[in-house]
Amino acid sequence: MFQPNIFETMLDMSHSHRTSSESDLGRTNKDDDYESKSGTETMDAPSGDDQVPNQRPKRKRYHRHTQHQIQELEAFFRECPHPDDKQRKELSRELGLEPLQVKFWFQNKRTQMKAQHERHENSILKAENEKLRAENNRYKEALSNASWPNCGGPASLGEMSFDEQHLRIENARLREEIDRISGIAAKYVGKPVTSFSNLSPRVSSGSLDVGVGNYGAQSGMLGEMYGASSDLLRSLPIPNEADKPMIVELAVAAMEELMRLAQAGEPLWVPNDHSTEILNEEEYLRTIPRGIGPKPLGLKSEASRETAVVIMNHISLVEILMDVNQWSTVFCGIVSRALTLEVLSTGVAGNYNGALQVMSAEFQVPSPLVPTRENNFVRYCKQHPDGTWAVVDVSLDNLRPSPTSSRSRRRPSGCIIQELPNGYSKITWIEHVEVDDRSVHNIYRPLVNSGLAFGAKRWLATLERQCERLASSMASNIPAGDLCDAVITSTEGRKSILKLTERMMMSFRTGVGASTAHAWTTLPSTGCDDVRVMTRKSTDDPGRPSGIVLCAATSFWLPVPPNRVFDFLRDENCRSEWDILSNGGLVQEMAHIANGRDPGNCVSLLRVNSVNSSQSNMLILQESGTDSTASYVVYAPVDISAMNVVLGGGDPSYVALLPSGFAILPDGPAGLNGGPILDVGSGGSLLTVAFQILVDSLPTAKLSVSSVATVNSLIKCTVERIKAAVMCESTAHI
């Protein structure tokens, strides 16, 4: 195995020789595909301009290396598979070989190692395929025995146990996995491995029969709302030893490109209509080497740059970016899932300078109507001589293609962090990707095409908002602007409630999108917007109510600016206009915690005073947050006794939450500049509504059709109420 100090040396060597005409990065593919026996030959034939026309080259004379020479070359190869010009000359002098012989020997050795690794990986893929085949057959047999308890016919959702539903979902997942493996294996053996694409329609993943329509009820949470576990990420191969030197060189080249992109001005970068700089692709192709190859057919380029000052020191920012858990938490609205596959270097001198790690991540928009983007990439961190830090990502698809590489890949993207006085930092953020976004829903297409959905502006706006929130949670006193009324009596209570709402917000944000960990099923249209549902079983988790939870979400367009929709939904005085569960009761704000500069960035503890005096009052924990690219209003009913513990500074981890709420996005760049709203993309809002309902407190209970119908009616009624209310309010503003 390569040790971190070896990779650090390689990083330095790669950086030192990037400008050399014999740079391995520029010739990796050519060298590694060399197929002749030139590693053991000397060539007498003239070449170039010295060769006489029509003269046949002299026959090549082959010289076998001695056992000692081979042993020395093998030993050096284990330490450094890509020697530079100086190292090759030194080896040739020590071993009595020509430098060209040494060069060709290493080329052929790398080709040999690559072939060995491919054969080994192919055998692993075949074994995994056979294992999945056996499991798939077992699930098919189990499903074939599922029947109506009374008449023996095939079971439907209303009478099916949760375990039987899970078998169907698991069967669909296995089929997808086998098809994925088949695709990968085909790259190595030249033909696809047999897949199960011809399975019976009874076990298709599209929907489950329920007699009155295709009401799907599939296992999962509101996208596993509390953060999907890493084992749900698609299986990706860990880099082998032959790949690692090339990964190092690719990372160094990506860092150089990122710095050039950060420092360049026009004509490489040009301003657009929404105050963000976009990349001039023609100028980029002319001035920047194509380090990871040309753009694949069917993909389009998205590249943007944004600069901002945030309230966080540069060391903390670097730690967030290099720790996958902190990174996915801070950017939970964009990063639905993330995993570090392997750490190649931990850095030097006790910090992240020189740190290098291979990662996989899934990027999302808070709506089930926008497909996620999955990438397998290397992340490299470097401190530059002027004191600035830079963190760069670049896809590894050219080294190890993945099933998603045909849909999305990252060209050098990342940020440059400059230290400022008083704990502030100036950040320049660059996002440069190539994607196939043809499956994006029509109402989200203007937003995605503008680059606002996944671009640099959204990343930096999210970071600014999270830095504000973190600064507020670390406050050592209760600000004068907070409304407490003896509800929050200590800084410990304030920190506990902010910690609880942080979990609530992360749960909602990671779960409302189209992550591949989710199992959304579209309910049949009844004249309203499409509603997507799924179920999850919760047991032995103090942070979630025990039982069967039904989750529902829908997204739609409103001809109203995003700020008006946000202000309406967060206002407790307007809650009775859309919240059916409040039953028309008076909503009172008992506690208010400001956690950002915008008045809309706050945490509230609401009490719903029922109109029926015989009914107990309800407590609702709510957080609203907004930035220049997205807004959220997320809430959850909370137990009064549990909240008393939190308000007293107790551990909030044991408070059971089912977050519901809203994600509000502009419908395109016009939504940031104002103007008349005529159609999608002209300044309206894209609103995602998501509910979670505990339909049964027993995890083993059966999901009934009536439960699905009830949640469907609830979300559609809420949508109609919101439309009526905000349209009426919008008319009043005209």
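## Helix 12 against helix 13

Q466, R469, S472 and S473 in helix 12 meet R494, K495, L498, T501, E502 and R509 in helix 13. Here, contact means heavy atoms within 4.5 Å. Helices (H or I, at least four residues) and strands (E, at least two) are DSSP runs, numbered from the N terminus. By class, this contact between helix 12 and helix 13 has one nonpolar, four polar and five charged residues. In this classification Ala, Val, Leu, Ile, Met, Phe, Trp, Tyr, Cys and Pro count as nonpolar, Asp, Glu, Lys and Arg as charged, and the others, Gly among them, as polar.

Two packed helices are described by the angle between their axes and the distance between the axes. Helix 12 covers residues 456-473 and helix 13 covers residues 491-511; they pack at an angle of about 155°, with their axes 10 Å apart. The axes are lines fitted to C-alpha atoms, for helices over the stretch in contact, and angles run from 0 to 180 degrees between N-to-C directions. Helix 12 and helix 13 are therefore roughly antiparallel. Angles under 35 degrees count as roughly parallel, over 145 as roughly antiparallel, 65 to 115 as roughly perpendicular and the rest as oblique.

## About the model

This is a predicted model, in which local features need pLDDT of at least 70 and side-chain atom pairs count only at pLDDT 80 or more, while totals for chains, interfaces and linings use all residues. Residues are numbered from 1 along each chain as its sequence is written, and side-chain values use heavy atoms, with hydrogens and water left out.

The chain has 16 helices and 21 strands. Of its 734 residues, 52% count as buried. Buried means under 20% relative accessible area, exposed over 50%, and partly exposed in between (1.4 Å probe, protein chains only). Among contacts in the chain with a separation of 6 or more, 69% come from residues 24 or more positions apart.

## Helix 13 also meets helix 15

Helix 13 has another partner to look at, helix 15 (residues 640-647): the two axes come within 7 Å and cross at roughly 125°. Helix 13 and helix 15 are therefore oblique to each other. On the helix 13 side you will find G493, S496, I497 and L500, which meet M643, V646 and L647 in helix 15. By class, this contact has five nonpolar, two polar and no charged residues.

## Helix 4 and its two faces

Now to helix 4 (residues 85-95), where the buried residues are R88, L91, S92 and L95. These four cover an arc of only 100° around the axis, which puts them on the same side of helix 4. The arc is that of the directions from the helix axis to the C-beta atoms. An α-helix has 3.6 residues a turn, so residues three or four places apart point the same way. On the face turned away from the buried side, helix 4 carries the exposed residues K86 and R93.

The N-terminal end of helix 4 is capped by D84, with a side-chain oxygen 3.3 Å from the backbone nitrogen of K86. Just after helix 4, G96 takes a positive phi of about 70°.

L73 sits in helix 3 (residues 67-79) and counts as buried at 0% relative accessibility. Setting aside neighbours within four places in sequence, L73 is in contact with H65, L91, L95, L97, V102, W105 and F106.

D393, in strand 9 (residues 389-395), is buried with a relative accessible area of 4%. A polar contact of 2.7 Å joins the side chains of D393 and R379. A polar contact is a pair of N or O atoms within 3.5 Å; within protein, one must be able to donate a hydrogen and the other to accept it, and residues adjacent in sequence count only if both atoms are side-chain atoms. M259, in helix 7, counts as buried at 13% relative accessibility. Not counting residues up to four places away in sequence, M259 touches H384, A390 and I416. The C-alpha atoms of M259 and A390 are 8.1 Å apart, although 131 residues separate them along the chain.

## Two loop details

The peptide bond from E266 to P267 is cis, with omega near 10°. P267 is found in the loop between helix 7 (244-263) and strand 3 (269-271).

N422 lies in the loop between strand 11 (413-419) and strand 12 (425-435). N422 has a positive phi of about 60° although it is not a glycine, and it counts as exposed at 76% relative accessibility.
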